[in-house]
Amino acid sequence: MMKQRLGVFIGLILCIIITTGCWDRVELSDRAFDLAASTDLMEDGSYLTAAQFIIPSRISAGASGEQPYFIETGTGKTLLEAIQKTRQKLSRIITRGHRRNYYIGEDLAKHGIGELLDGFSRDPGNRIRLDIWVVKGGKGMDALKVHYPLEKIPSIASVKIHRAVGGTTATSYLDFMMAASSEGSSPTLPVVDIVQGAAPQETIRFYGRAIFNHDYKLVGYLNFVEGAYRQWILKRISYLDLAEEIPEAGGNVGVIVNSFGSKIRSSVSEKNKVKMEIELTGAGHVAENNTNLNLNKGKNLKLVQNELNKKTSEHVLAMITKVQKQFGTDVLGFDQVMNRQHPAQWNKIKGQWNTIFPNIEVSVRVNINLKYMGLVGPPLQYKESEIKK
Amino acid sequence: MTAQISDSLEKNEELLKGIFSSCYDIVFRRIHGQMNILLVYLDGLADAKPLDDLLVRTFVPAHEAGEQCDKGYMLEQQLASIAKTTTAQKMDDIVSGVLSAQVVVLADGLNHAVIADLKGFEQRAIEEPSNEVTIRGPREGFTESINVNTSMVRRKIQSSKLKMESMTVGSLSKTTVVIAYLEGIVKESVVEEVRKRVSQIQIDTVLGGNFIEEFIEDHPFTLFPQVQNTERPDIVASYLAERKVAVFVDGSPFALIVPCTLWSAFQSADDYYERFIYATLIRWLRMILIVGSLFLPSIYVAITTFHPQLLPANFLLSITSAREGVPFPAVIEAFLMEFLFEGLREAGIRMPRPTGSAISIVGALVIGQAAVEAGIVSAPMVIVVSITGIASLITPRYSMGIAFRMLRFPMLLFSGMFGLYGITMATLFLQIHLTNLESFGVPYLSPISPMSKSELKDVLIRAPRWSMHTLPLSGSKRHQLRIPRGQKPGDQGDET
């Protein structure tokens, strides 16, 4: 009995192999790996998609000087149609599992990217840890065309730059969707722009953050430092350089901050007047000291630290004011803070958040603790007599 | 042939010569002296030298001693001084005595024969076991002679509790099989079961341990061996102390040990001769590699052909570039390479020694290098197969390793068809199968399943000696303490 059943079982398995031919196996050499893609808006209103595919046979050779990738494009009224046009030119199946970068041209971003997002979320082959970039002042395809010298496949560069400058990578698609679907908050995307590098060729640069409104339309940019401040408020930062002038000492002090904290306290008054108290903390070390202060003295250190905190607070507040007044979209997570700290009031006011947000009274207090001064003490270029003890 | 021995030496000789007709290796020697004596023995198997000396000293000179009355008694007494003797009345006792390398002495006018145990055949010296090598352990291994083998174990356990029961199996070979166990420690039911299964064997010849193993194992159709074999007396001694039963088979330098569990595949003798932290780490290394040898080719095939998303981008780039231009699908490639590796391995065992270098050169060059350079096989696949090959040979129990090596192929088929889903299903089947296995009443996966906490000290880790207080093997109500508590260094005197 047992043996019979085993025989039948093996027989059935063999049937599956031989007769049906339904192995959904796809060899690596039958796949085209799409490592980055872009979408742009054409003048006639149709979409232009482009994708950077790797050429496996050129990867190991390397020395031949030929690029190990090529770009294929397609146009169509919708994203799917454009992709289909691309597929007509490809001998292999497009595999998007490794696509970590998606570039969107500025025109399209301003026009609104709502139509793209549905296609993204429906495609199971799409990677959820995807970064969508806005190409400031350019087309998405320009970013694909840039040849970045350090990486074999240039599209890897933007992720790596983002990580290297201290940002959080691989979450922008997810964050965008979450922010877009939650009440109050507005989505953002990281931004790159294409600049002239040292060599004649152009290179890619991490610019900052793009702010979208509720209709998924681009409303403006935060530059690199402003974007970093925003990340600091959202606790998504791992590295930040700050350089501030210390007027009392007639010079600059540069600080590298690498430990971050952020706390927001909110309050709501009777007339739906919202107040936010933001406290940003950090610990850092002195990387540059062009003043004549000996930072090994507690008094001097205190002076620098206070000045630094005061200046940074002003910058952060300026950034927040810009977001409030100029863009009017909540990209600072204030809605979440309200929701958590005042859930009852939040339910009442969340419908009017767009009008409340620009008028929130914000106060910022930055509290960087300079922990490591190093053993150098006063700047070496000053003579002993010039040093302020 | 239950004929009695007659008084007449001539008659006896005639009868025996009839039985041993066309047996050139049977020696009949008639000696005429004070007594007419017939010696019958197998040439080369019995050592007749001491007997000759004795005969020359006592019987051949024409003695005038008066006690002619009891020749038989005298013969026996004299022979007892050089060998263990027995008397036999029946012809077939004589025949079996001759065949088991003893010397049969017949005397004129005596109606019984004296059989002297003068075995003296050539045998291999005790050598270092070649299949189970240790760094710090003893360097003696079993030989083909059962007496030497049992004596080696006896020397390690000098206790009257060590019982060795002898049986004869094989209608033609008449092979001695010895069942060894420690009385009072072993589970009596296991011994009884072994005794029963061995005594029920009906076979013509027994030429090795496997002849017995295939009769006494519980599940003949599984890939996993349920009887362990070893060529090391120290391993036998340690298993006997752990409530197991050993079966020695004459002519085989391997002792069988029952019951056996899967975990013995990961235990090497050196685990117990090295300090416990290192032994535990090495045991983990072994487990990872053995499991790896089972899964690595399948996982490679599944990931590259079904789930390339699982690979990090840069790793994928290297693999795709290496696989570019390879004509076969990954699963075929894997089958091909694994098949060739098994072929190389088998050739390595079977080849005559002088041809060894040829095989290794051809194996390394043709299969490794040339196939990759010609673009027939991808380099990552060669790496995967090499790692698998090394990993599959790491198990200290060769026969256990065979099971994992064979399972690699169905696993590969499943992964080639269904990807990681197939591997998961195959693993589930394997686990169901393993939990169903039993060896002499002991579940094959014990003590992990069924779980027995006190026995886990020698499975996933090798606990320090001073902490292995209880005996393993589940089912014992009375947990005997094998190592009393409180012997942890630095703890002496703290215990009350």
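Guide: Two strands are said to pair if DSSP finds at least two bridges between them. Helices (H or I, at least four residues) and strands (E, at least two) are DSSP runs, numbered from the N terminus. With these terms, strand E11 (residues 251-268) and strand E12 (residues 274-289) of chain A run antiparallel and are joined by 15 bridges. One bridge links A:Val268 to its partner in E12(A), A:Val274.

This is a predicted model, in which local features need pLDDT of at least 70, side-chain atom pairs count only at pLDDT 80 or more, and totals for chains, interfaces and linings use all residues. Residues are numbered from 1 along each chain as its sequence is written, while chains are lettered from A and ligands numbered from 1 in the order in which they are written.

E11 and E12 belong to an open sheet of four strands in chain A, with the order E10-E11-E12-E13 and mixed pairing. Its edge strands, each pairing on one side only, are E10 (240-246) and E13 (361-372) of chain A. On average, neighbouring strands of this sheet are turned by 40° against each other, direction ignored. Axes here are lines fitted to C-alpha atoms, for helices over the stretch in contact, and angles run from 0 to 180 degrees between N-to-C directions. Helix H11 (residues 334-341) of chain A lies across E11 and E12 of chain A, and runs at about 45° to E11(A). Two residues count as in contact if their C-beta atoms, placed from the backbone, lie within 7 Å.

The wider setting begins with an annotation. In an unreviewed entry, UniProt assigns residues 208-374 of chain A to "domain: Spore germination GerAC-like C-terminal". UniProt positions are given in the numbering used here, feature names are shortened, and annotations may be inferred rather than shown by experiment. Over residues 208-374, chain A is 35% helix and 38% strand, and the end C-alpha atoms are 31 Å apart.

Chain A also meets chain B: 20 residues of chain A are in contact with 18 residues of chain B. On the side of chain A that touches chain B, strand E1 (31-41) and helix H2 (56-61) of chain A each supply at least two residues. The largest share of that side, four residues, comes from H2(A).
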